[in-house]
Amino acid sequence: LVDHLLGYMVDHLKRTGLYDPALLVVIADHGCSFRMNDSRRRPTPQNYVDILSVPLFIKLHFQTKGKIDDRNIEVTDLLPTLADLLQIDFQWKVDGQSVAGSGELGRNGKTFVTEEGERLTFPSALAALHSSVQAKMRLFGAGVQPEALYSTGPYTRLLGRSAPEMDSSGKTDAVMELDYPNHFISVDLKSSFLLTHITGHIRRPQANPFRPMVLGLAINGKIQAVTETFLDGDQEEFSAITPPWAYQSGFNKIKGFVASKLGQDLKLAPLDMMDEVARTYAWGNLIRFDAKGNSRPYLGEGWGSPESEYAWAQGKKAVLVLDTVSPGGPVILRAKVMAYVVPGGVDRQRVGINVNGRLIGQWDLRAPDVHEEVMEIPAECLAGSRPTVITLVTPDAISPASLGKGSDIRELSIGIFRLILSCRRGNLGT
């Protein structure tokens, strides 16, 4: 993806005549390690060669030929280098130094600063760099075939096979809980966002020492990923990347299996799925969106993490998924909300209410105060529908950072405190 976007940008610069005179810099902030039982992001004596190997490309004004520079350059050198190239004098001290010249940098180690501010120093000679690259090639393969990216983990011969074809007669006492089950209930393949990274928890009696399970993840009846569980603290978790072509518009069934060898064949034991009952909603129940509230099982795409009293709808739409029965008549949606409105920046937030694919109305919020909004959902939008998918369409969502109001880059529209769907007019309370 990054290669594609970088190529797109270079093509655009060339088409507009800006490429030759441009000073173009491409840099990453850190590397990534794929060593088993080691950290992916935090450097250790075993993986630092992966984490500290940061690409840096600099194309000078009207430069036509390139060269490779193997000096011990660090990310902090970028700012003074740009200043040097642009002939800008600093009036303050910086950590790095310009690498625009060819002189030695006088640096014996590589420094890594943790999120907590701790400075870690590692040898600058990354002698194991090539062996690390070769290990990644063995793990992920080479070439441009996208299928190879998803052919990882044990028992990859399971991939693409239909789950019902397997011997699933066994039973396990483990339960699988997906982290974001509602993202798969009402998938929009035309959306700018498609969740293909499936994570979650396994609940089962723990053995000592811990023994990981091999999991097969079926999407719409076919095994699309094979992975192993791991311990994070005292929680058994799993993580798997699945191919985007495994999904279909609308409902997608995610099912987990425990994979094990049975002679020369493989056996799949189905897991009970926690999310199959978590979304059940009874008409008239209050949904609270605060950090201690009960909204999490219903949140789909487009929600921020619940805060002390409310949760923000983020981006251009936010989705609620509720497992319901037909109410037999119209339903009143009542919500206590606040709008992200900034005088001189954004003067209103329009909120379109879409229920099961049908737009039923719009709120037009022009003040930031906390208040109640109401919308009647016609009975025909809910007849025989299970689950009920409510989409809040928020075209005026905007980030505080873009308005000069701090560094928050989230696109905010409305914050919701609580919501109730009732067959008659109810009261949200305080």
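Which side chains meet in a salt bridge at 2.4 Å, N to O? The side chains of Arg203 and Glu177 do so, a salt bridge being a side-chain nitrogen of Lys or Arg within 4 Å of a carboxyl oxygen of Asp or Glu. The model is a predicted one, in which local features need pLDDT of at least 70 and side-chain atom pairs count only at pLDDT 80 or more, whereas totals for chains, interfaces and linings use all residues. Residues are numbered from 1 along each chain as its sequence is written, and side-chain values use heavy atoms, with hydrogens and water left out.

The structure holds 16 salt bridges. In the pair named above, Arg203 lies in strand E6 (residues 197-203) and Glu177 in strand E5 (residues 175-178), so that distant parts of the chain, 26 residues apart, are linked; helices (H or I, at least four residues) and strands (E, at least two) are DSSP runs, numbered from the N terminus. Arg203 is partly exposed at 38% relative accessibility, and Glu177 is likewise partly exposed, with a relative accessible area of 23%, where buried means under 20% relative accessible area, exposed over 50%, and partly exposed in between (1.4 Å probe, protein chains only).

A second salt bridge joins Arg35 to Asp50, with the closest N and O atoms 2.7 Å apart. Because Arg35 lies in the loop between strand E1 (24-27) and helix H2 (48-51), while Asp50 belongs to helix H2, the pair ties together parts that are 15 residues apart in sequence. Arg35 counts as partly exposed at 32% relative accessibility, whereas Asp50 counts as buried at 4%.

Asp95 and Arg119 form another salt bridge, in which the closest N and O atoms are 3.9 Å apart. Asp95 is in the loop between helix H3 (78-85) and strand E3 (109-113), and Arg119 is in strand E4 (residues 119-123), so this pair ties together parts that are 24 residues apart in sequence. Both partners are exposed, Asp95 with a relative accessible area of 58% and Arg119 with one of 56%.

The cysteines were also examined. A disulfide is a covalent bond between the sulfur atoms of two cysteines, and is identified here as a pair of cysteine sulfur atoms within 2.5 Å. A search of the whole structure finds zero disulfides. For Cys423, the closest cysteine sulfur is that of Cys381, and because the two sulfurs are 14 Å apart, they are too far for a bond. Cys423 is partly exposed, with a relative accessible area of 45%, and Cys32 also counts as partly exposed, at 22% relative accessibility.
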